[in-house]
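Hello,

Here is the structure for you to take over. My notes on it follow below.

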Amino acid sequence: MSKKSKTIAACAVCAAALGLGGLAVFLKKDREVVPTNSLVIEATTEAASDNKSVDGWMDKVSYSPSDNGMTERAKSLLRINKDIAGWIKIDGLQLDYPFVKDPGEIAANDPYYGPDEYVPDAYYLNHDLNRNIQEEGTLYLDYRDEFGSDESQHSENQVIYGHAMWNGNMMGCLRRYRQDFGFYEQSPFIQLSSNYKDYDYVIFAFLVTSGSYNATDFHYWNMEELDTEEDFNFYIDCCKRNWMMDTGVDVKYGDKLLTLSTCYADEDNSRFLVVARKLRDGEVAGDMTTIQRTEEWKKAQKEKEKNDAEHDTPPQD
């Protein structure tokens, strides 16, 4: 799939996300930097007065997957917001939300989005599914990603952004992976649905990386289309260079990827990423024994089992 042209844009700091209470207006800049799409923000118990609560969507929307055409859930949600792109869920976490596709650049006085101007990957930082101002924002797919009905046109890397709320909402619950490495064994799978079909992914890396353009060569936010083997391998190598643990999951050129991006620390503008690949034929969601592992990992596991067995052997008289 050929690469789309990259829009050169920048985002100012989101005032609402910083608790300043105002609507952030994002103006065009003349250089490309990472979007400020995942600041850590305090959870609030007071919603904006004009906000319609979007909690409990799963209970409010009937859903049944459809082999032909759009799912019933997508049809229902698209009546609320034309940007709906799918649903994401991780068992064992409160990550269970619809997500939108960012609309891209928004001109001032747009009849759908309101009076303010926004650059790409900025609007849903502080807007809910009803397009009301809300500091939690909405999970959103990068505006350059393709995740529609035609799988042959799907981007190699679906990048979804969300705030790291202190109460665990949005992507705040992802911190569980870095706080407790054992949690990975409990919840290594991600369920990702488009408006047309359900997909399963297995997490192969979670890591902290810089969110500043000049501080790293790993500009993951500009790497949706990994068309060449060189680009794909560079992305995977960057993930492995920074990962917090070796999961052993095999990843190779041709696999479809999913990257979840949220904030790690404001001080150095760092990001916490959870990166997964789509399951291959024969692999089963919920069963890690079916997941293909690297030879290096399997060798390391055998060595570990051997050492553990030697430790458990009682001394001879």
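**Two loop residues**

Asn269 sits in the loop between S9 and S10; helices (H or I, at least four residues) and strands (E, at least two) are DSSP runs, numbered from the N terminus. Its phi is positive, about 55°, although Asn269 is not a glycine. Asn269 counts as partly exposed because its relative accessibility is 21%; buried means under 20% relative accessible area, exposed over 50%, and partly exposed in between (1.4 Å probe, protein chains only). Arg131 is another residue other than glycine with a positive phi, near 65°. Arg131 belongs to the loop between strand S3 (96-101) and S4, and it is partly exposed with a relative accessible area of 24%.

**Basis of the values**

This is a predicted model, in which local features need pLDDT of at least 70 and side-chain atom pairs count only at pLDDT 80 or more, while totals for chains, interfaces and linings use all residues. Residues are numbered from 1 along each chain as its sequence is written, and side-chain values use heavy atoms, with hydrogens and water left out.

**The chain as a whole**

The chain has six helices and ten strands. Of its 317 residues, 51% are buried. Contact means heavy atoms within 4.5 Å. Taking contacts between residues at least 6 apart in sequence, 63% join residues at least 24 apart. The chain exposes about 15,100 Å², and carbon and sulfur atoms supply 47% of that area; accessible areas come from the Shrake-Rupley method with a 1.4 Å probe, and for residues only the protein chains shown count as cover.

**Phe204**

Phe204 is placed in strand S8 and counts as buried, at 0% relative accessibility. Phe204 and Val251 are 47 residues apart in sequence, yet their C-alpha atoms are 7.8 Å apart in space.

**Salt bridges**

Side chains of opposite charge can pair when their charged atoms come close. A search of the whole structure finds 13 salt bridges, each a side-chain nitrogen of Lys or Arg within 4 Å of a carboxyl oxygen of Asp or Glu.

One of them joins Glu224 to Arg144, with the closest N and O atoms 3.3 Å apart. Glu224 is in the loop between strand S8 (198-210) and helix H5 (229-242) and Arg144 in the loop between strand S4 (140-141) and strand S5 (157-161), so this pair ties together parts 80 residues apart in sequence. Both Glu224 and Arg144 are buried.

Another salt bridge is formed by the side chains of Arg280 and Asp255, at 2.8 Å from N to O. This pair also links distant parts of the chain, 25 residues apart: Arg280 is in the loop between strand S10 (270-278) and helix H6 (295-312), and Asp255 in the loop between H5 and strand S9 (257-265). Arg280 and Asp255 are both buried.

Lys304 and Asp308 form a salt bridge as well, their closest N and O atoms being 3.1 Å apart. They are separated by about one helical turn because they are four residues apart in helix H6. Lys304 is partly exposed at 46% relative accessibility, and Asp308 is partly exposed at 35%. Elsewhere, salt bridges that share partners join Asp142, Arg144 and Glu224 into one network.

**Cavities and pockets**On a 1 Å grid over the protein atoms alone, a cavity is a set of points where a 1.4 Å probe fits but cannot get out, and a pocket is an open set with protein on both sides within 12 Å along at least five of seven lines; lining residues have an atom within 4 Å of a point. Grid points are joined across faces, edges and corners, and a volume is the space filled by probe spheres set on the points.

How many cavities of 30 Å³ or more does this rule give? The count is three. The second largest cavity has a volume of about 50 Å³. Among the residues lining the second largest cavity are Tyr63, Arg73, Leu77, Trp87 and Asn195. Helix H2 (72-78), strand S2 (84-89) and strand S7 (189-194) each supply at least two residues of that lining.

The second largest pocket has a volume of about 160 Å³. Eleven residues line the second largest pocket, and those closest to its centre are Tyr63, Arg73, Gln191, Ser193 and Asp198. S2, S7 and S8 each supply at least two residues of the lining of this pocket.

Regards
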